[in-house]
Amino acid sequence: MKPFMVVILLVLSGCSFDSPQSVDMNTNWAQDTQTLEQETMRRLAHLEGDSHRREVAQFVSVWERMRNGFELCYDTNNRRILHHLHRYAHQPHHVQELATRAEPYLYLISEAITARQMPMELALLPMVESAFDPFAVSREQAAGIWQLIPSTAKSMGLQQDWWYDGAKDLVASTEAALDYLYYLYQRFDNDWLLALAAYNSGEGTVARAIYKNKSAGRPATFYDLQLPQETRDYLPKLLALVEIIKHPKRYQVSLPHVADQPALKAVDIGTQIDLAFVAELAGIDLRQVYRLNPGYPRWATHPDEYGPHHLLLPLSHAERFEVRVAKFDGTSWVNTTEYHVKPGDTLLKIAQKHQTSVTTLLAANKLKNSSQVQ
């Protein structure tokens, strides 16, 4: 077999983290949206404070804005809430760590919640779901800070493939989670506590528990239902955290300052780009690029012409990135190497050897099928 050249995209970096288990969420709801990239960029525009963004009162910090938007009713003397409140109060450093992890994402999330006029308590839900770990993946494959399982992500139109996972994308997953939560709110007669319970254990589980109680002539509030133990703890954990965020000094918790203004900017260069190259041009650490763009599990944005190619960058570095990337013609935005095909090689073997995919090799080498390497 006569050797020829195959261009291969090499892995520069990658991240993989485990997280606490998340309960399956069942839904038959489907969302009808525009194309993913158009819709995602529309949502990303909120981060830049454009003229279409809803005018809201200005606060000193996002924490202050959140406190102003808390609206769920609960009894702080409820034994379940008190149990978790005491536990958190005895571990103030744990709550501070959660708040520090949340810091890069809080403005983004609070903006989305404000635009929808939903309870601001929802902004703290990722503390319970994933501890604000953007790379979190459970045993059930629930992913991202909102822990969306593949079937739920798919039913809401989130793109998921080898190059991109919308369930981890900070903007796309936030919008999808809030869409799903609002659906559950309407599904359970405008009861946020039941909606949150259903988000954790599935709407079928909650619906059956409600039916069982009503059939027996018993109340059907969250606290009356026979739900899985994890779900029975889920909401009290959230409300305990809400109480601490309301009164951090009372519980000796020091919250990091998070200004109530955009800290990130959305950038879309319209084609695939190596994330290491992004870090170099923006002048930031590669790990920070990954933490702000966890929807890209590989080393680059999507190779497809339709993307996604959007990136979130710190506002202070985004302009530098845009200026510097404009000086390139796009041919060097992805690092490549050459490989001489040897007798017995197949695209699958080459892909496995270089930690890439057959689809990537076909696209990079303009091949129609794998038989062309023979």
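Glu175 counts as buried, at 9% relative accessibility. The model is a predicted one, and in it Glu175 sits in helix 7, which covers residues 170-187. The side chain of Glu175 makes a polar contact with the side chain of Arg116, at 2.5 Å.

## The chain as a whole

The chain holds 15 helices and four strands. It has 374 residues, and 53% of them count as buried. Its accessible surface comes to about 17600 Å², with 49% of that belonging to carbon and sulfur atoms.

Contacts can also be sorted by separation in sequence. Among those between residues at least 6 apart, 73% join residues at least 24 apart.

## Helix 4 and its bend

Helix 4 takes in residues 92-116. Its end C-alpha atoms are only 31 Å apart, whereas a straight helix of 25 residues would span 36 Å. A bend of about 60° occurs at Glu103, and a proline, Pro104, follows within four residues. Just after helix 4 comes Gln117, with a positive phi of about 55°.

Helix 13 runs over residues 315-325, and its buried residues are Ala318, Phe321 and Val325. Viewed down the helix axis, these buried residues fall within an arc of 65°, so they line one face of helix 13. An α-helix has 3.6 residues a turn, so residues three or four places apart point the same way.

Asn78 is in the loop between helix 2 (62-69) and helix 3 (79-89). Its relative accessible area is 18%, and residues under 20% count as buried, so Asn78 is buried. A polar atom of the Asn78 side chain lies 2.9 Å from the backbone nitrogen of Arg80. Asn78 is also 8.7 Å from Pro236, C-alpha to C-alpha, although 158 residues separate the two in sequence.

Ala195 belongs to helix 8, residues 192-201. With a relative accessible area of 0%, Ala195 is buried. Leaving aside neighbours within four places in sequence, Ala195 is in contact with Leu181, Leu184 and Tyr185. From Ala195 to Tyr183 the C-alpha distance is 8.3 Å, and the two are 12 residues apart in sequence.

## Backbone angles in the loops

Most residues other than glycine have a negative phi, and most peptide bonds are trans. Gln147 has a positive phi, near 50°. Gln147 is found in the loop between helix 5 (125-129) and helix 6 (150-155), and it is buried, with a relative accessible area of 0%.

Gln252 is not a glycine either, yet its phi is positive, at about 55°. This residue lies in the loop between helix 10 (229-246) and strand 2. Gln252 counts as exposed, at 67% relative accessibility.

The peptide bond from Gly307 to Pro308 is cis, with omega near 15°. Pro308 is placed in the loop between helix 12 (286-292) and strand 3.

Definitions and conventions
Residues are numbered from 1 along each chain as its sequence is written. This is a predicted model: local features need pLDDT of at least 70, side-chain atom pairs count only at pLDDT 80 or more; totals for chains, interfaces and linings use all residues. Side-chain values use heavy atoms; hydrogens and water are left out. Helices (H or I, at least four residues) and strands (E, at least two) are DSSP runs, numbered from the N terminus. Buried means under 20% relative accessible area, exposed over 50%, partly exposed in between (1.4 Å probe, protein chains only). Contact means heavy atoms within 4.5 Å. Accessible areas come from the Shrake-Rupley method with a 1.4 Å probe; for residues, only the protein chains shown count as cover. The expected span of a helix is 1.5 Å times one less than its number of residues. The bend at a residue is the angle between axes fitted to the seven residues ending there and the seven starting there. A polar contact is a pair of N or O atoms within 3.5 Å; within protein, one must be able to donate a hydrogen and the other to accept it, and residues adjacent in sequence count only if both atoms are side-chain atoms. The arc is that of the directions from the helix axis to the C-beta atoms.
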